[in-house]
Amino acid sequence: MNELQTKTEYCLNCRNKPCQQGCPLGNDIPTFIALAKEQKYKEAYEVLSKTTVMPFICGKICPKSKQCQGKCVRGIKGEPVSIGDIESEIGDMAIKNRWYLNVEKPQQNGRKIAIIGSGPAGITASIVLAKAGFEVTIYEKREKIGGLLRYGIPDFRLDKKYVDILEEYIRKLGINIKTNQLIRNIPELLKEYDDVILSSGANISSKMGIPGEELPHVFGANELLEYGKHPNYENKTIVVIGGGNVAIDAARVAKRRGAKKVIIAYRRAKAQMPAEQKEVEDAIGDGVDFLFQVNVKQIEKDKVHLVKTELVKREGETRLVPVEIPESIFTLDIDYVVMAIGSKLDKDGLNIELNEKGYIKVNEGYETSIPHIYACGDCIGETPTVAWASRSGRDVANKMKII
Ligand SMILES: Cc1cc2nc3c(=O)[nH]c(=O)nc-3n(C[C@H](O)[C@H](O)[C@H](O)COP(=O)(O)OP(=O)(O)OC[C@H]3O[C@@H](n4cnc5c(N)ncnc54)[C@H](O)[C@@H]3O)c2cc1C
Ligand code: SF4
């Protein structure tokens, strides 16, 4: 039995499909694994393709332990089924055998849609709409399409050949791609298109509101990773503030570029980190250090002041709350600080209503405050993962199909 068969055999094909409920895209996991068990890999890929356009990407980078694998009944007493690995292998078979290109260009329905932004949300919406006969044009400000899949997630975690494959798929469907096109006046597009989907992401690093964060040696992780504007890390000591994927990626990139010491400072404990435990272990393998249960209080030219926290249960809060321990302040000598505590929308020139959190306000049909302009993905404050962005792109496209 090969490794893939061993992994599929371990699945119990549960009738109530708890793993499917944990998947943001609602992939029919038990069914595709059952088909893979019988070595019907093409059929397994077809089942996956009903709900996702990028199994070869999600299988590799989704935070699986927080999504499908976190709900797997096998995980109650032992290891969960390796759902991500199985999905990824089936996705890779689809690439090798070019199953993903088995698409007919559908009959056109006469409706023209513009999509602004080509990350997972925009790409997914474009594919679902094109398959339904819409004439779709993607506008992307960067040189190539892919959003954070291409310009954010480091190459050592996601080979960019997978984004090229998505592009090949998109072109096969006849979707127009206009790159190097920064769209500011969104309503202007309605002169040419019936509807517009805004999927422009939320890629400005958030700040903490602490003294010293405006100093020149304090960087935003999004800006560093997305635009590659890295300082010289060689022999430097860096504190990265945060506990998610972005913090881990920023720390690993700094270490790989020659930093002497990189410390991730996170306010809760290791078990509560939003990042996957595997990513944490990989970062440790790269030589990254961690300081758990600490809050950064102040940044100076060559030091940061931190305070220890204890975690307390609070009514109405789903997560343990970090509370600062009095008189536990300590100081670290540093060269740079990197903020990776979340990201915000670029509001510049966006004349559209925002919600209370500062993202684009949409109703349950993904409609914004401007008629015929829809929005999806990180720019509406969706849970910031590839699968959730893709799910909202798929949902907005499906809503538009029935209007
Ligand atoms: C470093 C890093 C690592 C991550 N790792 C993971 C991970 O391992 N797993 C995971 O699930 N998620 C991960 N994420 C989160 C995930 O990448 C995002 O949630 C997802 O990409 C959001 O998709 P989106 O389509 O909404 O936006 P984006 O991917 O941000 O795409 C938005 C696109 O819109 C374009 N754009 C913006 N404004 C305009 C304009 N005015 N005109 C034209 N084009 C415009 C941008 O150039 C970009 O291409 C990571 C994020 C980062 C930053
Ligand atoms: S919950 Fe786990 S064991 Fe059950 S069907 Fe899903 S992957 Fe298989």
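**Entry 1: the shell around ligand 1**

I began with the classes of residue in the shell around ligand 1: 15 are nonpolar, 14 polar and 6 charged. In this sorting Ala, Val, Leu, Ile, Met, Phe, Trp, Tyr, Cys and Pro are nonpolar, Asp, Glu, Lys and Arg are charged, and the others, Gly among them, are polar. I noted that the model is predicted, that local features need pLDDT of at least 70 and side-chain atom pairs pLDDT 80 or more, while totals for chains, interfaces and linings use all residues. Residues are numbered from 1 along each chain as its sequence is written, chains are lettered from A and ligands numbered from 1 in the order written, and side-chain values use heavy atoms, without hydrogens and water.

Which residues come nearest to ligand 1? I found Ile61, Glu140, Ile183, Asp378 and Val386, out of 35 residues around the ligand. A residue counts as near if one of its heavy atoms lies within 4 Å.

Next I looked up which helices supply the shell. Helices H9 (120–131), H11 (221–227), H12 (245–256) and H14 (386–402) each give at least two residues. H12 has the largest share, with 3 residues. Helices here are DSSP runs of H or I with at least four residues, strands are runs of E with at least two, and both are numbered from the N terminus.

I also checked the domains. Domain 2 (112–202 + 345–402) and domain 3 (205–339) each contribute at least three residues to the shell. Those bounds come from an automatic or database domain assignment.

**Entry 2: polar contacts of ligand 1**

I searched for polar contacts, meaning pairs of N or O atoms within 3.5 Å; within protein, one atom must be able to donate a hydrogen and the other to accept it, and residues adjacent in sequence count only if both atoms are side-chain atoms. A nitrogen atom of ligand 1 is 2.8 Å from a polar backbone atom of isoleucine 183. Leucine 148 has a polar backbone atom 3.0 Å from an oxygen atom of the ligand. For threonine 385, a backbone N or O atom lies 3.2 Å from a ligand oxygen. On its own, ligand 1 has 1,000 Å² of accessible area, and the protein covers 96% of that. The areas come from the Shrake-Rupley method with a 1.4 Å probe; for residues, only the protein chains shown count as cover.

**Entry 3: salt bridges**

How many salt bridges are there? I read off 30, each with a side-chain nitrogen of Lys or Arg within 4 Å of a carboxyl oxygen of Asp or Glu.

I looked at aspartate 28 and lysine 17, whose closest N and O atoms are 3.1 Å apart. Aspartate 28 is in the loop between H2 (18–22) and H3 (29–37), and lysine 17 is in the loop between H1 (3–9) and H2, so the pair ties together parts 11 residues apart in sequence. Lysine 17 is partly exposed at 23% relative accessible area; buried means under 20%, exposed over 50%, and partly exposed in between (1.4 Å probe, protein chains only).

Arginine 150 and aspartate 164 also form a salt bridge, at 3.0 Å from N to O. Arginine 150 sits in the loop between strand S2 (135–139) and helix H10 (161–172), with aspartate 164 in H10, so this pair ties together parts 14 residues apart in sequence. Is arginine 150 buried or exposed? Arginine 150 counts as buried, at 11%, whereas aspartate 164 is partly exposed at 35%.

Lysine 40 pairs with glutamate 38, at 3.0 Å between the closest N and O atoms. Lysine 40 is partly exposed at 35%, and glutamate 38 is partly exposed at 48%. I also logged a network of salt bridges linking Arg157, Asp249, Arg252, Arg256, Glu279 and Asp286.

**Entry 4: backbone angles and distances**

Most residues other than glycine have a negative phi. I looked for positive values. Arginine 98 has a phi of about 55 degrees and lies in the loop between H8 (83–96) and S1 (112–116). Arginine 98 is partly exposed, at 41%.

Tyrosine 366 has a positive phi of about 65 degrees. Tyrosine 366 lies in the loop between S14 (343–344) and S15 (373–375) and is buried at 12%. Its C-alpha atom is 9.5 Å from that of alanine 397, 31 residues apart along the chain.

Last, I checked alanine 36 in H3. Alanine 36 is buried, at 1%. Alanine 36 and isoleucine 86 are 8.4 Å apart, C-alpha to C-alpha, and 50 residues apart in sequence.
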